[in-house]
Amino acid sequence: MSPSVPLQEMIRAIRSARTQCEERGVIQRECAAIRAQFRQADNGGRSHNLAKLLYVHMLGYPAHFGQMECVRMIASPRYSEKRVGYLGAMMLLDEKQDASLLITNSIKNDLSHSNQYVQSLALCTLACMGSAEMCRDLAPEIDRLLRASNSYIKKKAALCAVHIVRKVHDLGELFVPAARSLLAEKNHGVLHGAVVLIIELCERNPETLERFRKTVPDLVQIMKGLVLSGYSPEHDVRILRLLRILGRNNEGASDAMNDLLAQVATNTDSTKTVGNAVLYETVLTVLDIKSESGLRVLAVNILGRFLLNNDRNIRYIAMTSLQKIVGTDHNAVQRHRGTIVDCLKDQDASVKRRALELSLALVSASNIRSMMKELLLFLSSCPAELKAHAASGIFNAAERYAPSQRWHIDTILHVLTTAGGDVRDETVPNLIQLITNASELHCYTVHKLYRALLTDISQQSLVQVACWCIGEYGDLLLRGECQETEAVQVTEDDVLDALETVLQSHMSSPATRGFALTATMKLSTRITDNVDRIRSIVSIYGSCIDVELQQRAVEYNALFKKYDHMRAAVLERMPVIEKNSSGHTNGETTGEAIKDIQPAKVKQGELLLPPQPANQGFLICIGRLAPTVPVYEKDGVTLTLSCEKQSDTGLTVTLTASNSTESDISSFTLQAAVPKSVQLHMKAPSGDSLPARGTAKVTQMVVLNNPNKVSLKMRVRISYTSQGSAFQDTVQIDSFPGLDAAGQ
């Protein structure tokens, strides 16, 4: 290929290459020819060669050797060469390149050029790749061009000023007077640039925001003119965004724009995408300012219409917006409950997730039965990645609004039957507490759980609760006198067969086997004819490969032999677990609600504690709490800490987070750092979301090993998302309650 081939010929040769190797050969030959011509002092094809080099750069090949040629061509008096030179600078240079500083003087000269198109090239380049130093040097020139008589130049100067404000915040004050005067322009391009510039200025400086609040009446008149003339909706969107910023937390500015917002919301055509963009911006403005209640209802109704749109993106943003306001405009959002629930059946995973979050937020005491029916139906068919979130939300809603204890128990059992493998760890002890407190439902519950155990033993959480209930209330099950369920005659052998099936199943986890073994042992005081069989089952697990299960079996064997006279007292029915004064929900650690038991019984009952993962216990009412102290409290988020010393050097720290604000918190994470000599292991948290008003909590267990016994300190980073905004903070913990300072 000849070095002098035109750009079109080079493109044709590259596209006709059959292999990548052949394409690289074409590129390398052409780049070598371009380098040779760049070195020539008098080269008439400079713009031609640079254009070819820019195409090579677009294909991803190195083109940095053309940077100095761009600088030379920008300084050329010919417009055709300036145009390609500025284009090359925007593509090949950035603020990190030293060569970019060489064009500052050329840009300054071209900003004063008599030709508006040369000025336009300089403005576009500065707005694209101007560094902070270049912006400081050229800002006065841009301010001068903002006051020029040429609308074409003022439009581009306004957008260039936006770039300068973003790069150097302190220069914003320089453009305030000119930006204010641009609002009187009749040219819509200039007006659009002025609005973008004012938005940037107001977001950067609160004082500037107060100054521009005086322009709200002018903006309202401009907006009315645009609405009546039917001009491009993109101007409507920008002005509405500016009105939203100016009206936020200001009653006077909000009152001035209420009528306009109602007019835009009523008259905008929603059959086209641009109309929906204007309506969505109107809704955001209405919800963000101090608007009238009727206008807020109108905004919610617009979002309700968006839910019926065939475009999934529009449905998604509608539910995202409704999620933010459901706490303040709950009744208005409730009117669209049916449409929101229908979105649970959408094929798009993102829409389905948003619909689930919004549906859970809409649950109230008046609609708990109907909403729970829909949510349980969704749980049975929802994707695996949503099951845990759906189950957690159903538990929280049932805890807050359950019409009766029986309904509450039935709902949780339904969830465990459907998604028992996806529930949080604290679900089992929480349900056990609920069953314990509902003394009139013990017979009904144990019969229902027994039938569920015979049907399916794959759901570990359900099996654990069933085993616990059979162990506690096995005598009620054998009596068969339950009035609230069908009479089923259950024998002692049937119950023991069911528990043996759980013990021998390969699907049972070690914790589940521990529940089953403890239940079997407890039945030894509730039945009369099969005590020898129970003794035989327990003795088998005295040589179990699982050390914890083996330990429990050995302890139970000791109760049969050496301490048989104490067996009835040790294995008696658990007392009622009382709630504390602040209540207790599915997100909280069960230990907070435990009532201290007499020391004598604690000693005996400790033998019965099977191996447990975090936040669980077979006999969950045994034990005394470690002291809990608050370590962080800001913006409604509270973090408390409790410690438990495991050994001379080992320590378990439990961090519990709660949310007292009116909006839900998502993506909640805790990160911890300790001195280098201390070993740290963070276990999985109980969840990543904090519902509003403290209805649930998140717990995080941290295991520390301090072999050198250095002074223990811990730094915790708290990260979460609330109302679409990300937050992050750090807290330093220097003291750990309940510990001997000398030991740590």
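Predicted model: local features only at pLDDT ≥ 70, side-chain atom pairs only at ≥ 80, totals over all residues.
Residues are numbered from 1 along each chain as its sequence is written, and side-chain values use heavy atoms, with hydrogens and water left out.

**First sheet**

I then looked up how β5 and β6 are joined, and found four bridges between them, with the strands running antiparallel; two strands count as paired if DSSP finds at least two bridges between them. They belong to an open sheet of five strands in the order β1-β2-β3-β6-β5, with antiparallel pairing. I noted β1 (628-634) and β5 (679-682) as the edge strands, each pairing on one side only. The twist from one strand to the next averages 25°, taken between axes that are lines fitted to C-alpha atoms (for helices over the stretch in contact), with angles from 0 to 180 degrees between N-to-C directions.

Going through the sheet, I found nine antiparallel bridges between β2 (residues 637-645) and β3 (residues 650-659), and Cys-643 stands opposite Val-653 in β3. Eight bridges pair β3 with β6, again in the antiparallel sense, and here Thr-652 stands opposite Val-703 in β6. Six of the eight residues of β6 (residues 698-705) are buried, so this strand is largely enclosed by the rest of the structure; buried means under 20% relative accessible area, exposed over 50%, and partly exposed in between, with a 1.4 Å probe and protein chains only.

I turned next to the open sheet of three strands, β4-β7-β8, whose pairing is antiparallel. Because β4 (665-673) and β8 (725-733) stand at the edges with a single partner strand each, one side of each is left without a neighbour in the sheet. Strand β7 (residues 714-722) pairs with β8 over nine bridges in the antiparallel sense, and Ile-718 stands opposite Asp-729 in β8.

**Rings**

I looked up aromatic pairs, for which rings of Phe, Tyr and Trp (its six-membered ring) must have centres within 6.5 Å, with planes under 30 degrees apart called stacked, over 60 edge-to-face and the rest tilted. The count by this rule is five pairs. Trp-468 and Tyr-473 form an edge-to-face pair, 6.0 Å centre to centre with 80° between the planes; Trp-468 is buried at 7% relative accessibility, and Tyr-473 is buried at 1%. Tyr-720 and Phe-727 are stacked, with 5.4 Å between centres and 20° between planes. Of these two, Tyr-720 is buried at 7%, whereas Phe-727 is partly exposed at 36%.

The charged end of Arg-35 sits over the ring of Phe-65, 4.1 Å from its centre, and Arg-406 lies over the face of Tyr-444, at 4.1 Å from the ring centre.

**Helix α9**

Last, I looked up α9 (residues 151-167), where the end C-alpha atoms are 25 Å apart, in agreement with the 24 Å that its 17 residues should span at 1.5 Å a residue; the expected span is 1.5 Å times one less than the number of residues. Its buried residues, among them Ile-153, Ala-157 and Val-165, pack against α7 (116-129), α8 (132-146), α10 (172-182) and α11 (188-204), where contact means heavy atoms within 4.5 Å.

Methods: Lys NZ or Arg CZ within 6 Å of the ring centre and 35° of its normal. Helix = DSSP H or I, 4+ residues; strand = E, 2+ residues; numbered from the N terminus.
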